[in-house]
Amino acid sequence: MTRQDTILRVENITKSFNGNPILRGVDLTLRKGEIKILVGPSGGGKSTFLQCLNCLISPDSGQFWLEERPVDIFSKKELYRYRQQVGMIFQDFNLFDHLTAMDNVTLALRKVKKMDKKAALARAIVELSQVGLEDKTRLYPAELSGGQKQRVAIARALAMDPKVLLLDEPTSALDPDLTGEVIDVIRNLAKKGMTMVMATHQISLIRTLADEILFMEAGVVVEKGSPKTLLVPGTRSQGFCDKLNSLSGEGI
Amino acid sequence: MPEIIAIIKDALPYLLSGGLITAGIVTGAMALGLILGLSMAVGRVYGSTAVKRVIGIYVWFFQGVPILVLLFLFYFGVFNYMGLNLSAVSAVTVVLGMTTAAYQANIFRGAILSLPQGQFKAASTLGMSDIQTILAIILPQALRLSIPAWSNEFSIVLKDSALAFVLGAPEIMARAKFVASRTYQHLPIYIVAGLIYFILTWAGVRALARLEKTVRIPGYSNKGI
């Protein structure tokens with residue numbers, strides 16, 4: 001791997017809420033096509049870290065580089081441009097409730113990328129087809145199932161051509177019978193080489209997709225490594241996955 | 001009895017054209033209140049501490065002082081002092097508009113705060129600016145949610161507009177008072193005046209209910225929110 005393969009690099013991210021340290025110096029280097037998965041107990045800082053990565057929560061300290069260029073997160077203009085390139089998927093979808101699936105995807109294309117209506121529609125159809133929703137484009141979020149909502153959210157993020165996709169427990173708000181369709185879409189993205197940072201409790205995703213697992217606890221990364229080196233008896237990560245397994249009954 | 005009917009028949013066109021003036025005052029006041037109130041709601045939710053404080057003082061002032069006092073204060077005091085030579089109708093419209101703006105600011109603020117915060121975050125992650133997000137995501141939804149409360153506010157402003165007669169604005173109430181004291185037929189004339197207010201209220205509230213239905217987002221409860 002050469003240096004220019006690095007897409008996103010952050011160093012020493014810290015964040016406290018009301019004096020409680022949530023993140024205590026987290027680093028991350030992400031190469032093109034790489035998939036890093038954050039695991040660990042609730043309250044360990046996974047979600048806060050992901051939201052700090054695109055400054056939805058502004059970190060107390062930390063440096064950012066996108067493709068090795070430093071990002072000044074305090075300049076609004078630079079921040080908006082940076083965020084365009086770092087997409088995000090949320091646990092609870094966060095679709096725009098007053099817009100159809102189609103308009104959810106076209107809105108930012110038109111407002112941010114300044115595409116004309118026709119081009120935006122064409123792009124949205126491509127993205128919605130990719131997630132298998134070409135026949136649902138006219139439906140509003142309240143008319144879609146949870147899995148369909150999350151797929152619209154993924155299409156909406158991908159339409160912006162992000163260089164990195166952050167996923168914050170993308171399946172944990174879904175009924176078990178709806179997680180499959182979202183997992184399939186995520187697998188597809190991985191196959192196409194999308195660079196991702198994901199917090200998830202889905203063992204199957206952790207095992208099969210992760211290039212690197214980061215085990216976070218109390219605001220720091222306490223273990224990291226490939227599934228092969230980390231998911232062996234005796235590690236915190238394996239212990240955590242065992243616990244998930246016994247809860248979900250999912251075999252490894 | 002026939003005499004009363006003749007008087008009402010005589011007075012009706014006069015009272016109805018007062019109804020037009022009332023409708024004009026209320027439309028103007030509600031429009032001014034919408035623009036000012038919406039801006040203040042956005043400022044109060046997303047603005048700096050200083051902005052929030054200034055808006056808070058505005059709302060507190062207009063909520064705390066009776067409309068009759070405000071009408072005198074502005075018509076004979078502030079507008080005069082500023083060298084503005086407003087007609088009674090314009091003055092009433094502006095004062096009612098500024099007052100309803102305070103209440104509307106609270107209506108819209110409540111609606112904005114009731115929206116799930118995640119949508120703002122989602123828009124941010126797509127690279128949308130705060131202003132783009134407020135205009136394209138937040139306000140379209142907040143306005144929909146506000147229609148029932150706004151309709152309520154409309155009926156209150158309509159009835160408050162009767163106070164305009166104290167400044168001599170020739171609206172329904174002023175005309176009814178004039179006809180009643182000339183003919184001594186207080187009861188029938190004020191019943192007719194009341195009916196005109198009632199019909200105006202009913203028509204406005206009906207229209208807003210229809211608007212609410214038209215802009216309802218599919219999939220949400222049929223009863224609206």
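**Note on chain B and its contact with chain A**

1. In this predicted model, 20 residues of chain B are in contact with 22 residues of chain A. On chain B, helix 5 (118-125) and helix 6 (130-160) each supply at least two residues of the side that touches chain A. Sorted by class, that side of chain B holds nine nonpolar, nine polar and two charged residues.

2. The secondary structure of chain B consists of eight helices and zero strands. Read from the N terminus on, the order of its elements is α-α-α-α-α-α-α-α.

3. As to overall dimensions, the C-alpha atoms of chain B fill a box of roughly 75 × 50 × 25 Å, taken along the principal axes. Chain B has 225 residues, of which 35% count as buried.

4. Among contacts in chain B with a separation of 6 or more, 80% are accounted for by residues 24 or more positions apart.

5. One pair of helices in chain B deserves a separate description. Helix 2 (residues 49-64) and helix 4 (residues 88-114) of chain B pack at an angle of about 120 degrees, and their axes are 9 Å apart. Angles of 65 to 115 degrees count as roughly perpendicular and those over 145 as roughly antiparallel; helix 2 and helix 4 of chain B are therefore oblique to each other. The crossing in which helix 2 of chain B passes helix 4 of chain B is left-handed.

6. Which residues make this contact between helix 2 and helix 4 of chain B? Helix 2 of chain B contributes Ile55(B), Tyr58(B), Val59(B), Phe62(B) and Gln63(B). Helix 4 of chain B contributes Met98(B), Thr99(B), Ala102(B), Ala105(B) and Asn106(B). By class, the residues of this contact divide into seven nonpolar, three polar and no charged.

7. Gly37(B) lies in helix 1 (residues 2-46) of chain B. Is Gly37(B) buried or exposed? A residue is buried if 20 or more other C-beta atoms lie within 10 Å of its own; Gly37(B) has 27 C-beta neighbours inside 10 Å and therefore counts as buried.

8. Leaving aside residues up to four places away in sequence, Gly37(B) touches Ala101(B), Gln104(B), Ala105(B) and Phe108(B). Of these, Ala105(B) is also one of the residues of helix 4 of chain B in the contact with helix 2.

Technical notes
Residues are numbered from 1 along each chain as its sequence is written. Chains are lettered from A and ligands numbered from 1 in the order in which they are written. This is a predicted model: local features need pLDDT of at least 70, side-chain atom pairs count only at pLDDT 80 or more; totals for chains, interfaces and linings use all residues. Two residues are in contact if their C-beta atoms, placed from the backbone, lie within 7 Å. Helices (H or I, at least four residues) and strands (E, at least two) are DSSP runs, numbered from the N terminus. Ala, Val, Leu, Ile, Met, Phe, Trp, Tyr, Cys and Pro count as nonpolar, Asp, Glu, Lys and Arg as charged, and the others, Gly among them, as polar. A residue is buried if 20 or more other C-beta atoms lie within 10 Å of its own, exposed if 12 or fewer, and partly exposed in between; C-beta atoms are placed from the backbone. Axes are lines fitted to C-alpha atoms, for helices over the stretch in contact, and angles run from 0 to 180 degrees between N-to-C directions. Angles under 35 degrees count as roughly parallel, over 145 as roughly antiparallel, 65 to 115 as roughly perpendicular and the rest as oblique. A crossing is left-handed if the near helix is turned anticlockwise from the far one by less than a right angle, and right-handed if clockwise.
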